[in-house]
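Hi,

Here is the model I promised to pass on.

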There are 2 protein chains.
Amino acid sequence: MSEPREDADPDSPEGRGGAAAVLTAATPGSGRGALDRRRILGAAVEFIDAQGLAALTMRRLGAHLGVEAMALYRYVPSRENLLDGVVEAVIDELYGDPDVHLQPGHGWQDYLQRLAHGVRRIALAHPEVFPLVATRPPAAPWVRPPLRSLRWVESFLVALIDSGFSQEAAVSAYRAYSSFLLGHLLLEVSQKGVAVNAEDKPDGVPAAQEAVDLSQYPTVVRLEPLLSLDESAAEFEEALENLLERLELVLREGRTPRRGDTRD
Amino acid sequence: MSEPREDADPDSPEGRGGAAAVLTAATPGSGRGALDRRRILGAAVEFIDAQGLAALTMRRLGAHLGVEAMALYRYVPSRENLLDGVVEAVIDELYGDPDVHLQPGHGWQDYLQRLAHGVRRIALAHPEVFPLVATRPPAAPWVRPPLRSLRWVESFLVALIDSGFSQEAAVSAYRAYSSFLLGHLLLEVSQKGVAVNAEDKPDGVPAAQEAVDLSQYPTVVRLEPLLSLDESAAEFEEALENLLERLELVLREGRTPRRGDTRD
DNA sequence: GCGGGCTGTTTACGTCGTAAACGGCCGGGC
DNA sequence: GCCCGGCCGTTTACGACGTAAACAGCCCGC
C-alpha cells in the first residue's frame, strides 16, 4: 500500500489509536460461537469495509460468519434493518472515542471541535459505510446526519444552550454544523473511494484511459495538479474554524443568525 | 442582487418556470415509438421521481416505456450505467436553466449565486435522484459532486480566475463551494423525503408511534417545534452569502485561504 | 424480390431476499 | 433417568432481479 503522507493527518485511521475497533473487539472470549445482533452488525461493518457495500448480501455475510444466510434472520428482521443497524453501530463508535465528550468540559468550541474530529475519524475509518450514514432516512425529519442519534442531538443542544446560545441559535447551529460535516466528509470519503477504486483495478495496460477528451477544458488541464492535491485535512480545519467563528458572532451578538427577514 | 423572499421559495419546483422538464419534453412529435438512450434516461428520471429509486428495475422501467426489459440493453449497457446516465441527465438540466450562465456576465458573486440556486432547483425537483448525484463515484477523484461535469468545473474555475482569483484560490473555492452545496442540499432533500415518506403511509391509526422513548431527551422535546421548522431556504441563503463573503476576503487579500499553516 | 441489419421479444441462468418447514440440542420437571 | 418444549441454525422453496443468448419481425438498398 502506498501511504499518501501529508504530514500525518491526526484523524486518519492508522494515525492514532482512538475508537473504530470497539465492535469487533466486543466478541467475548467464547470466540467463534454464539450469534447475536451485535456480532452480526460488527461483522457487517467489517465486511463492508473490506468488500464494499455492493458486495454485502445476506448469504455472503452469513458465510463470513460461518453460518447460513437464514440464521441471520433470528436477530435481524431484514436486510434494510441490517443496514440501519450498521449505520447506528458505526456512529455509536463515537461513544468509544476518548477524545469526544458528551458534555463540554472546556467550552463549546472545544466540544464542537472534538465532536467534528470524532465524526471525521469514523468517516475515514469506514469510507464505504459513510454514504449510508449520509443517505439513510433518519428517525425523524429534524434528526440530521451525520449526527443521527437523539442522544447526540440532545448533547449538542444542551452544550450550546448551557454556553449561552439562545434556543433558536442552538438549533440553527445544529443545522449549520450538520451540513458542514456531511458535505465535507462525504466528499472527502468519496474522493478517497474513487482513488482506491481507480487504483485496485489494474486493467492490464497501466492506465486504461477511457478518458474523455480534455482538450476542451484547458483550465481543468492546467490546474489538474492543484485539483489533485489532497488538502482534505487543512480544508476541514479551515471550514470548521470558520463555522465556529460564525457561531461565536451569533453568540456574542445574541441574535438569531438570520438576515433580511423582518418577521420576528 | 436578488432578494431572498422567504415566503414562496423561489427554488421550489412549482415556484417558477425554470428548467427541470427539458428531458421528457425532448420526445419528438412521433410520440410513443422510437426508443433511444435519451428517452430511456428521461423515463428513468421520471420513474424515480414518481416511485423512488428503490422501485427502479429494468423490467419496470421497460414496462413504463411499453417495452420488455431486454430492449433497454440496446441503448444502455447495464443498470449501473443507466444510473450514471440518470445522474448526468439530471445535472445537465443546468444547461436548460435560463437563470444560470456558463459565463459570468455580472461578476463572480452573481455567477455563483445563480449556479447555486440552479443546483438547488434541480435537487428540489428530483429529491429521489439527488442522493445518487451525491454518492455516485465521479469521473475523476477531483471532480466533486454536485457539479459533476467537466464543463461546469471548467466554467467555475475560469469564472473565478478571470475575476482575479489566484489559481490556488479558485481551486480552493471550488472545493468549499462543492462541500457547501452538497451538504446543504443533501440534507434539505432528505429531510423532505422523510417528511413525505412519513406522510404517505397512513397506518390505520393516524400516528403509528413507533416513537422511541423521548423522556431522556428533554431538550430535544422542548425544542422540537423549533427543530421541525423548515427554514431550508433561509439557511441556504445565509450560508451561501457567508461563503461568498469568505471568498471575497480571499480575493481582496490575495491570499490562499489557509490559516495557521506556515509552510508557504 | 430478397437478403441483411436493426430492433424488440423470448427464453434461460444464476443470484438475491426471505417465508416456511424442519431437525438437533439442551436444560428443567417428573 | 427420561422426556419434552423451546431455542437456533439448516433446508427447501418461491418470486423477482440483472443480464446473456437465441430468435423473430420489419424495412431498406440492391
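Before the rest, some housekeeping. This is a predicted model, where local features need pLDDT of at least 70 and side-chain atom pairs count only at pLDDT 80 or more, while totals for chains, interfaces and linings use all residues. Residues are numbered from 1 along each chain as its sequence is written, and chains are lettered from A and ligands numbered from 1 in the order in which they are written.

**The DNA**

Staying with DNA strand D, there are 14 residues around it, and those that come nearest are Glu68(A), Met70(A), Thr57(B), Met58(B) and Arg79(B). By class, this surface has seven nonpolar, two polar and five charged residues. For the classes, Ala, Val, Leu, Ile, Met, Phe, Trp, Tyr, Cys and Pro count as nonpolar, Asp, Glu, Lys and Arg as charged, and the others, Gly among them, as polar.

DNA strand C has 15 residues around it, with Thr57(A), Met58(A), Arg79(A), Glu68(B) and Met70(B) coming nearest. Helix α2 (residues 58–64) of chain A supplies the largest share of that surface, three residues. The surface near DNA strand C divides into eight nonpolar, two polar and five charged residues.

Chain A has nine helices and zero strands. Buried residues make up 39% of its 264 residues; a residue is buried if 20 or more other C-beta atoms lie within 10 Å of its own, exposed if 12 or fewer, and partly exposed in between, with C-beta atoms placed from the backbone. Of the contacts in chain A between residues at least 6 apart in sequence, 67% join residues at least 24 apart. Two residues are in contact if their C-beta atoms, placed from the backbone, lie within 7 Å.

The chain is split into domain 1 (17–25 + 32–98) and domain 2 (99–196 + 220–256), with bounds that come from an automatic or database domain assignment. Their centres, taken over C-alpha atoms, are 25 Å apart. Where they meet, 18 residues of domain 1 of chain A contact 15 residues of domain 2 of chain A. On the domain 1 side, α1 (37–51) and α3 (79–92) of chain A each supply at least two residues, and the largest share, six residues, comes from α3(A). That side has twelve nonpolar, two polar and four charged residues.

**The core**

The largest nonpolar core holds 136 residues, and Ala44(A), Val86(A), Ala44(B) and Val86(B) have the most contacts inside it. Both domains of chain A give residues to this core, so it lies between them. A nonpolar core is a set of buried Ala, Val, Leu, Ile, Met, Phe, Trp, Tyr and Cys residues joined through C-beta atoms within 7 Å. Leaving out residues up to four places away in sequence, Val86(A) touches Leu41(A), Ala44(A), Val45(A), Ile48(A), Val129(A) and Leu132(A).

Over in chain B, the buried residues of α3(B) are Leu82(B), Val86(B), Val87(B), Ala89(B), Val90(B) and Ile91(B). Their cover includes α1 (37–51), α4 (107–125) and α5 (130–135) of chain B.

**Where the chains meet**

The contact between the chains takes 53 residues from chain A and 53 residues from chain B. On the chain A side, α5 (130–135), α6 (150–162), α7 (167–199), α8 (218–228) and α9 (232–253) give two or more residues each. The largest share, 19 residues, comes from α7(A). By class, that side has 28 nonpolar, 14 polar and eleven charged residues.

Gly52(A) sits in the loop between α1 and α2 of chain A. Its C-alpha atom is 5.8 Å from that of Glu128(A), although the two residues are 76 apart along the chain.

Pro145(A) and Pro146(A) are joined by a cis peptide bond, with omega about 0°. Pro146(A) is in the loop between α5 and α6 of chain A. In chain B, the bond from Pro145(B) to Pro146(B) is cis too, with omega near 0°.

Cheers

How values were computed:
Helix = DSSP H or I, 4+ residues; strand = E, 2+ residues; numbered from the N terminus. Near = placed C-beta within 6 Å.
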